[in-house]
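Here's a quick briefing to read with the model open beside you. Have a look at the fold first, then work through the points below.

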Amino acid sequence: MNAPEHGALSGSHGETDARAYTYALFLETSDTEIWLRCLERARSRVAGLPDGDELSEALAEALCIAVYTRWLGRVSGDLPAEEAADRRYDELRDTLARCSRSGPSPALRTCWGLVLGASGYPRSAARLLDQDGHTRPEHLLLVLREGDVAALTALRPLFTPPARCRFLPVVHTYGSELVKAGAVGEAQDLIAQGLGDRSDPLLLDLLGSAAERLGQWTSAYEAYRRSPWPTHRHRAAMTGAISDAMRGGTAEQRAELVLDEPTRRLMNQPGAELDQSEIPMCVAFLNACRMRPVDNWVVERELGELSFRRRLYAEADLHFRRALRSAPDEARFAVASLRFTNLTWLTDSGIPGATSMVPEAYSAGREALDLNPETSETAAIRTWIAQETGNHALIQEALDTWDPYWRAEAHDVTGHRGPAVDGWLESLGAEYNHRSVGRLVEYVSRAGFTRTALHLAELVLDESGADFFALWETARTLQDMAPERPEIGAGQALDDLQDSYRQRLGELSRFEFKNTIRLYRLIARTGRHHAQAEELLLQAARQAEGVSELLSVAILRRNAKTPQSREEGLRCLERALGEARDRLEWLEVARELFEHGRIRSARAVLAIERVLLPTTVLTPVEVIVTLQCGSWLTAAECEELALRGAGLLNLDHRSGRLSEFGGVFGERLIATIELFDRSLAQRVTRVLDPPLRAPAVYADLGYSPDSAQGYTTDWPTDYVRSAFTPDSFGGRLDVCATLWRWLHEELEDAHSVMPSLGEEQTPLSRVDERGDSPRTIELCDLWRARLTASDDEFAQASAGLEAFFDRERTLMEWWESARRRKSEPPLRRALRCAEELRRCLGDLLGPEETHHAHPVLRTFFGHIALEAGELRDEVAERTRRIEGELVGAHGDV
């Protein structure tokens with residue numbers, strides 16, 4: 001929509017009319033310059049009002065404008081506008097936090113609803129933005145989940161006569177959901193209604209996506225090329241290349257994609273996993289590329305990202321490698337970063353027997369780091385490699401510019417748990433992130449805050465809705481969580497919550513292969529629910545498409561080791577044989593054919609690919625997969641292949657292609673050979689260059705008070721004094737968690753000590769049950785004498801047996817007394833831990849946490865406060881029990 005004259009903002013309106021005019025102008029336009037002016041006027045009004053309802057209402061309008069201006073600046077590539085809107089939004093949030101301390105009000109609820117909606121908390125935001133069953137259109141967008149049929153249901157009344165919502169972001173979202181649902185004609189009619197200028201990028205996006213859905217690539221290109229937005233320039237480059245190829249031209253006929261900063265930033269971000277509503281449009285794109293293959297790096301990158309979002313990681317790597325070969329220098333980091341992210345998912349497939357791609361992931365990460373030394377843009381790469389390799393030097397840079405989540409992860413990798421907790425909390429305050437929640441679940445549960453951990457898990461269940469991946473990752477965290485305080489009944493609550501997760505995940509896995517496999521892995525880990533696990537495998541076989549998915553089912557079926565599983569696995573392999581196109585795919589199919597007993601078919605595949613010929617050059621991972629067939633190859637074939645693989649690794653190492661991770665490649669090669677021939681593995685080890693024989697070992701630069709040993713006179717007070725800092729909640733929580741762990745360790749030591757006494761002084765009930773100790777033999781002889789005694793001998797035999805048991809009771813008293821004396825040192829240490837822990841729990845929350853304004857964090861700290869009180873009482877009771885044991889051990893405390 002064309003923007004009104006800027007001078008209209010300074011017209012001679014009354015204060016109330018000016019406020020209404022400003023907000024109305026915002027709703028009638030979609031221009032960053034106009035919205036920035038509206039934002040400045042709204043902010044000025046907020047700054048000039050005293051605390052009260054009028055300020056809260058003005059603040060709600062200013063926040064809404066700021067939220068949308070930030071979004072429009074980001075998607076349009078207007079970086080100055082985005083930065084300006086970010087600054088104003090932060091100022092308004094500070095004002096909101098200050099106003100919230102004076103008490104709640106309906107307008108403040110709306111303000112927090114806007115903040116939560118903009119931060120990715122749709123369910124929490126919806127509860128705050130609802131006004132007697134009604135939510136304003138501009139607020140409604142913030143609480144809808146894209147790709148959800150419920151979004152269409154909620155938006156349709158806004159466009160049903162006589163209603164005609166003209167707020168273009170709402171129009172755009174409604175039209176996009178129509179396109180995803182297949183109602184392309186209805187979306188085109190929506191544009192034709194004249195709800196906005198057809199040259200507006202939001203409407204051009206609708207026109208382009210509708211044309212893509214219909215496979216009209218030229219029309220899509222014509223729509224996208226008229227928009228200056230980075231995402232549309234990227235789509236124009238891609239659809240233009242497809243359009244040219246469909247018409248028999250070349251992709252180079254179009255102008256090259258301009259890789260300015262907004263476009264580069266866009267290309268650095270992989271999309272989320274595909275939902276069902278996006279699949280039809282993706283299918284149209286895939287079909288177009290299959291009909292007329294396009295030799296264009298933009299298209300290859302798009303195919304790679306699409307495969308990644310479909311969880312087809314092997315296919316994605318193939319496309320990313322092709323894109324890297326022809327991408328311009330400005331785009332190489334974006335593609336390399338995406339390739340690294342994709343490969344990390346191939347390092348932990350969770351499927352036993354699948355090929356590990358850890359070395360390739362390391363090398364891809366190093367390639368990306370070499371292309372971009374900027375640490376804040378490579379935080380995820382640096383943190384992942386540092387965690388996997390122990391090379392903490394990768395993150396020994398200033399972390400202030402890092403995203404809060406990755407800053408927290410970096411602190412956790414280096415063992416600084418307090419700053420890590422602070423970072424995850426900061427991350428949650430800025431934006432919902434299920435991984436931040438999951439990490440907090442791990443840490444607070446270890447500190448004894450079991451119910452708080454369950455509350456956080458319920459938050460994910462509430463906010464993540466239909467996001468299978470978020471729910472699955474959190475369910476895995478819950479599965480690894482053991483209640484630290486079973487006496488409070490949290491075990492049943494944990495079981496119930498896990499059942500809720502499993503039920504929701506079951507509902508969401510019905511249409512997606514990868515989700516079915518993930519749920520199977522989750523259930524298989526429990527060792528229970530065998531019927532559901534088998535049903536999921538049958539479901540996965542029906543859903544499997546493509547070689548990698550079929551191979552996954554075949555491997556899982558092989559590991560199941562039942563006749564039915566073997567037949568199902570063979571059916572999957574037969575389908576995979578017909579679909580394999582890449583050499584690595586053929587080799588993986590051959591390996592599984594060997595495993596399933598189809599040796600002749602497997603050797604035929606190896607012959608076709610010529611991998612056993614000495615002149616064939618293989619990649620490191622192709623060598624590994626072929627060697628995994630070693631049990632069915634001849635000794636000569638195995639030796640030649642292994643030595644050839646070692647030689648290729650040596651060449652790659654000397655050329656620098658393996659970077660500093662050559663030892664990881666060599667270790668994988670040796671480990672694979674050792675599975676079938678240890679002597680051959682030793683010979684190959686001698687052939688490898690020395691740096692390839694073992695992974696590099698890095699110095700541990702982290703810190704972690706994991707051991708309570710090395711006690712000092714003031715232990716643990718000296719530790720608390722140095723670590724319990726007033727300016728870090730995470731640091732204080734870490735101290736409590738450490739004291740909690742030490743308390744349990746000392747009590748376990750105290751209750752498991754055994755006095756060192758000779759066998760003659762040790763009660764029979766405390767002797768190892770080997771049956772050969774002198775007292776055991778003596779007791780056997782006494783019982784035998786009594787059982788075989790005559791009437792005259794019975795009294796004497798009984799007296800001897802009674803004397804033995806009298807001695808046993810005496811020895812037991814001596815032994816117990818010695819045990820209590822030996823348990824005294826750990827009991828006294830436990831007492832000191834308990835006393836310090838009780839004090840620290842009382843000081844755990846400071847004023848900033850107690851009066852936190854953010855609704856989500858305020859609720860979190862409320863749970864912490866409640867449970868900290870319960871823990872203090874529990875620790876006090878344990879203190880009394882320890883004191884009682886010490887009285888028995890020494891006579892005093």
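Helix H25 (residues 468-479) packs against helix H26 (residues 490-508) at an angle of about 150°, and their axes are 10 Å apart. That makes H25 roughly antiparallel to H26, a label used for angles over 145 degrees. Keep in mind that this is a predicted model, where local features need pLDDT of at least 70, side-chain atom pairs count only at pLDDT 80 or more, and totals for chains, interfaces and linings use all residues. Residues are numbered from 1 along each chain as its sequence is written, and side-chain values use heavy atoms, with hydrogens and water left out.

**How the terms work**

- Helices (H or I, at least four residues) and strands (E, at least two) are DSSP runs, numbered from the N terminus.
- Axes are lines fitted to C-alpha atoms, for helices over the stretch in contact, and angles run from 0 to 180 degrees between N-to-C directions.

**The H25 and H26 pair**

- The crossing of H25 and H26 is left-handed, meaning that the near helix is turned anticlockwise from the far one by less than a right angle.
- On the H25 side, the contact (heavy atoms within 4.5 Å) is made by Phe 468, Leu 471, Trp 472, Thr 474, Ala 475, Leu 478 and Gln 479.
- H26 brings Leu 494, Leu 497, Gln 498, Tyr 501, Arg 504, Leu 505 and Leu 508 to the contact.
- Sorted by class, this contact has ten nonpolar, three polar and one charged residues. Here Ala, Val, Leu, Ile, Met, Phe, Trp, Tyr, Cys and Pro count as nonpolar, Asp, Glu, Lys and Arg as charged, and the others, Gly among them, as polar.

**The H33 and H34 pair**

- H33 and helix H34 (residues 635-655) cross at roughly 160°, and their axes come within 10 Å.
- H33 and H34 are therefore roughly antiparallel to each other, and their crossing is left-handed.
- H33 supplies Pro 620, Val 623, Thr 626 and Leu 627 to the contact, while H34 supplies Cys 638, Leu 641, Ala 642, Gly 645, Leu 648, Leu 649 and Asp 652.
- The class count for H33 with H34 is eight nonpolar, two polar and one charged residues.

- Pro 161 and Pro 162 are joined by a cis peptide bond, with omega about 5°; Pro 162 sits in the loop between helix H8 (149-155) and helix H9 (168-180).
- Asp 132 isn't a glycine, yet has a positive phi of about 55°. Asp 132 lies in the loop between helix H6 (122-129) and helix H7 (137-140), and at 83% relative accessibility counts as exposed (over 50%).
- Ser 659, in the loop between H34 and H35, also has a positive phi, near 50°. At 26% relative accessibility, Ser 659 counts as partly exposed, the class between buried and exposed.

**The whole chain**

- The chain has 42 helices and zero strands.
- Its C-alpha trace spans about 120 × 80 × 50 Å along the principal axes.
- Of the 893 residues in the chain, 53% are buried.

Notes: Angles under 35 degrees count as roughly parallel, over 145 as roughly antiparallel, 65 to 115 as roughly perpendicular and the rest as oblique. Buried means under 20% relative accessible area, exposed over 50%, partly exposed in between (1.4 Å probe, protein chains only).
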